[in-house]
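Could you walk me through this structure?

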Amino acid sequence: MTDTKVFIHPLALCESDNIGPGTRIWAFAHVMKGARVGSDCNIGDHSFVESDAVIGNRVTVKNGVSIWNGITIEDDVFIGPGAVFINDRYPRSPRMAAATVTYRYSDESRWLAGTRIERGASIGAAAVLGPGLRIGTFAVVGAGAVVTKSVPAHRLVLGVPAREAGWVCTCGRPLATLPANSQHCPHGLSGDE
Amino acid sequence: MTDTKVFIHPLALCESDNIGPGTRIWAFAHVMKGARVGSDCNIGDHSFVESDAVIGNRVTVKNGVSIWNGITIEDDVFIGPGAVFINDRYPRSPRMAAATVTYRYSDESRWLAGTRIERGASIGAAAVLGPGLRIGTFAVVGAGAVVTKSVPAHRLVLGVPAREAGWVCTCGRPLATLPANSQHCPHGLSGDE
Amino acid sequence: MTDTKVFIHPLALCESDNIGPGTRIWAFAHVMKGARVGSDCNIGDHSFVESDAVIGNRVTVKNGVSIWNGITIEDDVFIGPGAVFINDRYPRSPRMAAATVTYRYSDESRWLAGTRIERGASIGAAAVLGPGLRIGTFAVVGAGAVVTKSVPAHRLVLGVPAREAGWVCTCGRPLATLPANSQHCPHGLSGDE
């Protein structure tokens with residue numbers, strides 16, 4: 001399915017040279033200079049990728065998602081529409097100042113807490129991902145969940161704050177237990193017709 | 001109040017020919033080819049309407065809302081800012097593949113679960129609407145609610161997951177019980193001054 | 001740190017003449033005519049500022065936030081990505097009409113309920129702020145919280161609906177009690193290196 005060309009919509013703003021073949025960047029999306037986006041990705045309308053963000057291959061980013069510095073998205077991940085990432089534990093306006101006192105480090109390395117979405121995971125629509133987390137392979141974060149702790153592989157989490165609510169198959173459907181083999185899908189979704 | 005012209009902001013992208021008279025499409029909004037939008041609608045900044053979506057007459061879509069394929073919005077509906085629709089029960093990146101196994105149907109008819117917002121309903125700001133639902137006439141989904149079940153007519157639902165929390169009038173104000181006649185508003189909102 | 005120039009990204013739409021020096025307005029943002037934005041602000045991609053909104057100095061508005069009429073943002077405030085404001089208690093589509101009955105006042109002064117974010121407060125990512133509220137100085141609204149009541153100064157609120165969950169320092173870190181002096185930061189964040 002790989003296409004060797006990159007498609008950048010005429011109304012997108014792509015300032016990065018690091019976009020893999022077959023990737024499509026849609027209208028009103030903004031990919032900053034330096035951002036790394038793999039091959040065969042889909043970057044939806046009104047999305048944003050900051051200059052130090054890293055996105056793997058075959059990743060789907062739906063509309064209106066901002067991928068900040070410190071966020072790493074591995075291969076095959078789905079990011080639902082309106083999902084929100086956070087890379088700062090104690091957000092204050094960087095320019096806030098009282099007298100001679102400054103309340104936030106200007107050096108990004110002093111405050112940035114990255115989050116990693118591991119291979120094949122799905123982040124539900126409008127989910128909120130806290131700073132400094134790891135979402136395991138093929139895990140699913142339910143729509144609207146607010147995630148404050150890391151999520152193990154193949155786990156489903158739901159709610160505010162998000163709590164573990166079951167296991168999920170590689171294909172995204174429910175499972176009774178952690179699958180022994182991520183490649184195997186008992187739901188028979190083994191073809192595309 | 002009908003205006004026979006369609007207003008498309010110079011910075012909007014409207015690729016559809018099916019826009020009713022009096023409808024206004026604002027900056028950085030994107031309406032795809034084939035999308036049907038009725039008359040006297042207001043489609044806010046940074047919104048998106050996919051090619052098979054259907055929107056009725058006198059509908060207000062506030063900023064940053066994506067209306068996907070499978071979503072039907074009837075007449076007189078209000079969609080608050082940042083509300084999020086979902087049309088897929090088991091989201092995985094469509095291009096994800098492991099060896100020769102594919103985990104998601106490429107044929108949209110195999111996975112799409114539509115949601116319908118019935119006449120006069122209001123969807124609160126940042127509410128999340130699951131797939132395969134029906135939101136009844138004049139129902140109100142509270143701001144930030146995550147809706148996982150269909151909502152009867154004139155019902156108010158709140159919370160995560162959303163639960164029934166009262167009845168609402170045609171004008172949007174609380175009522176003690178389901179009104180016998182949707183046209184009648186006991187709050188006296190029968191004119192515009 | 002003040003820069004005397006205003007930076008407006010070539011792909012932003014700024015129709016206001018009331019932008020203070022040093023403020024930066026980023027790609028696909030839209031600031032309407034009449035909107036007041038102070039100095040040294042940062043208005044992120046895909047954000048929106050309506051014509052009667054007021055934003056103070058050194059305010060950070062992250063991506064995808066709409067600041068409506070009736071919303072006032074004081075100095076030094078941080079608004080996280082995807083945060084959503086509401087200025088209407090009973091939202092219905094303004095153009096909805098049944099027979100000769102109208103269910104919403106066209107006169108904004110009859111329905112608008114403003115919200116004020118006081119100096120130095122932080123609104124977390126994807127938080128939802130109801131109409132008619134006041135968020136106190138240096139208060140913090142947690143990510144994904146849905147705020148339905150006003151929040152006192154230096155208070156942390158979390159959840160849906162948002163509840164009080166502790167005190168926060170001027171620098172954003174937790175405190176055991178309300179600080180006697182907002183200017184003092186016991187975490188020692190008194191400089192910028």
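Predicted model: local features only at pLDDT ≥ 70, side-chain atom pairs only at ≥ 80, totals over all residues.

The rule turns up two cavities of 30 Å³ or more. The largest cavity holds about 710 Å³ of space. Which residues sit closest to its centre? Out of 48 lining residues, they are Gly82(A), Val84(A), Gly82(B), Val84(B) and Gly82(C). As for elements, those giving two or more residues to this lining are strand 14 of chain A, strand 14 (84-85) of chain B and strand 14 (84-85) of chain C.

Next, let's see how chain A meets chain C. Here 34 residues of chain A are in contact with 48 residues of chain C. How much area is buried between the two? It's about 3,100 Å², and carbon and sulfur atoms give 59% of that. Look for salt bridges across this interface and the rule finds zero. Polar contacts are another matter: eleven residue pairs make them between chain A and chain C, counting pairs with both residues at pLDDT 80 or more. On the side of chain A that touches chain C, the elements giving two or more residues are strand 14 (84-85), strand 15 (97-98) and strand 16 (101-102) of chain A. By class, that side of chain A splits into 22 nonpolar, eight polar and four charged residues.

Now turn to where chain B meets chain A. In this case 34 residues of chain B are in contact with 48 residues of chain A. The area buried between them is about 3,200 Å², with 59% coming from carbon and sulfur atoms. How many salt bridges are there between chain B and chain A? The count is zero. Residue pairs in polar contact between chain B and chain A number eleven, with both residues at pLDDT 80 or more. Strand 14, strand 15 (97-98) and strand 16 (101-102) of chain B are the elements that give two or more residues to the side touching chain A. That side of chain B is made up of 22 nonpolar, eight polar and four charged residues.

Technical notes. Residues numbered from 1 in each chain as written. Chains lettered and ligands numbered in written order. Heavy atoms only, no water. Contact = heavy atoms within 4.5 Å. Buried area = accessible area lost by both parts, 1.4 Å probe. Salt bridge = Lys/Arg side-chain N within 4 Å of Asp/Glu carboxyl O. Polar contact = N/O pair within 3.5 Å; in protein donor to acceptor, adjacent residues only side chain to side chain. Helix = DSSP H or I, 4+ residues; strand = E, 2+ residues; numbered from the N terminus. Nonpolar A, V, L, I, M, F, W, Y, C, P; charged D, E, K, R; others polar. 1 Å grid on protein atoms, 1.4 Å probe; cavity = no way out; pocket = protein on both sides within 12 Å on 5 of 7 lines; lining within 4 Å. Points joined across faces, edges and corners; volume = space filled by probe spheres on them.
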